[in-house]
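Here is a short briefing on one protein chain. Please keep the sequence and the 3D view side by side as you read.

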Amino acid sequence: MSFQNGFFHHNLQFSRSFTKKLNEQLAKVDLYHSQWSIVYYLSQFGCSTLVEISTYLDVEKPTVTRTVNRLEELELIEQVPGKDKRERRIQLTESGLRTYQEAKKVVEEFELQLMSGLAEEDREATLRTLTFLKEKLKQ
């Protein structure tokens, strides 16, 4: 198996396993990774449009809309009136902020467990590599 084929095959397998295990951990706070991604985004960037979120997450707007609707049902986010009525702006509710804090602890613990035993220089090299590849995909 060539490097390229092996790398991308392993990356896809890792991605699926990572998401599955992350979902198992996030179940402790009644979230899925797709919901966590939006809650995290709103905690970092504040009130945003669905287009801004879909661009950041690099997913289709209908996918974000479905997840946002579910987060609204859970009362973790709320719509905020904007200047343009066609533009849907959302932000975290107080409950959403509390859930973010709880989920952040769960995710940080998950990441620590996953990365344990990996030397700091390997962690840094992994982050650099992922950042480099992500930027190449944007080209």
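**Briefing: helices, charges and rings**

Glu52 sits in helix α3, which covers residues 50-57. Helices here are DSSP runs of H or I with at least four residues, strands are runs of E with at least two, and both are numbered from the N terminus. The model is predicted: local features need pLDDT of at least 70, side-chain atom pairs count only at pLDDT 80 or more, and totals for chains, interfaces and linings use all residues. Residues are numbered from 1 along each chain as its sequence is written, and side-chain values use heavy atoms, with hydrogens and water left out.

- Glu52 counts as partly exposed because its relative accessibility is 35%.
- The cut-offs are these: buried means under 20% relative accessible area, exposed means over 50%, and partly exposed lies in between (1.4 Å probe, protein chains only).
- The areas come from the Shrake-Rupley method with a 1.4 Å probe, and for residues only the protein chains shown count as cover.
- Glu52 and Arg89 are 37 residues apart in sequence. Their C-alpha atoms are 9.6 Å apart in space.

**Overall layout**

- The protein chain has six helices and three strands.
- Starting at the N terminus, the order of elements is α-α-β-α-α-β-β-α-α.
- The C-alpha trace spans about 50 × 35 × 25 Å along its principal axes.
- Of the 139 residues in the protein chain, 24% are buried.

**Salt bridges**

- How many salt bridges does the structure hold? There are six. The criterion is a side-chain nitrogen of Lys or Arg within 4 Å of a carboxyl oxygen of Asp or Glu.
- One of them joins Glu24 to Lys21, with the closest N and O atoms 3.8 Å apart. Both residues belong to helix α1 (residues 3-26); they are three residues apart, so about one helical turn separates them.
- Glu24 is partly exposed at 40% relative accessibility. Lys21 is partly exposed too, with a relative accessible area of 44%.
- Arg70 and Glu73 form a salt bridge at 3.1 Å, N to O. They lie three residues apart in helix α4 (residues 61-73), so they are separated by about one helical turn.
- Arg70 is partly exposed, at 39% relative accessibility. Glu73 is exposed, with a relative accessible area of 57%.
- Glu72 pairs with Arg88 in a salt bridge at 2.4 Å, N to O. This pair links distant parts of the chain, 16 residues apart: Glu72 is in helix α4, while Arg88 is in the loop between β2 (77-80) and β3 (89-92).
- Glu72 is partly exposed, with a relative accessible area of 24%.

**Negative surface patch**

- Which residues gather in a patch of negative charge on the surface? They are Glu120, Glu121, Asp122 and Glu124.
- Patches are made of residues with over 30% relative accessible area and no salt bridge; like charges are joined within 9 Å, and nonpolar side chains (Val, Leu, Ile, Met, Phe, Trp, Tyr) within 5 Å.
- Asp and Glu count as negative and Lys and Arg as positive, while His and the chain ends are not counted. The place of a charge is taken as NZ of Lys, CZ of Arg, CG of Asp or CD of Glu.
- Glu120 is found in helix α6 (residues 120-138). Its relative accessible area is 46%, so Glu120 is partly exposed.

**Aromatic pairs**

- The structure holds eight aromatic pairs. One of them is Phe14 with Phe18: the ring centres are 5.6 Å apart and the planes are at 35°, so the pair is tilted.
- Rings of Phe, Tyr and Trp (its six-membered ring) pair if their centres lie within 6.5 Å; planes under 30 degrees apart count as stacked, over 60 as edge-to-face and the rest as tilted.
- Phe14 and Phe18 are both in helix α1, four residues apart, about one turn of the helix.
- Phe14 is partly exposed at 45% relative accessibility. Phe18 is partly exposed at 25%.
- Phe18 also pairs with Phe110: the centres are 5.3 Å apart and the planes are at 55°, so this pair is tilted. Phe18 is in helix α1 and Phe110 in helix α5 (residues 94-115), so the pair ties together parts that are 92 residues apart in sequence.
- Is Phe110 buried or exposed? Phe110 is buried, because its relative accessible area is 9%.
- Phe14, Phe18 and Phe110 form a cluster linked by ring pairs.
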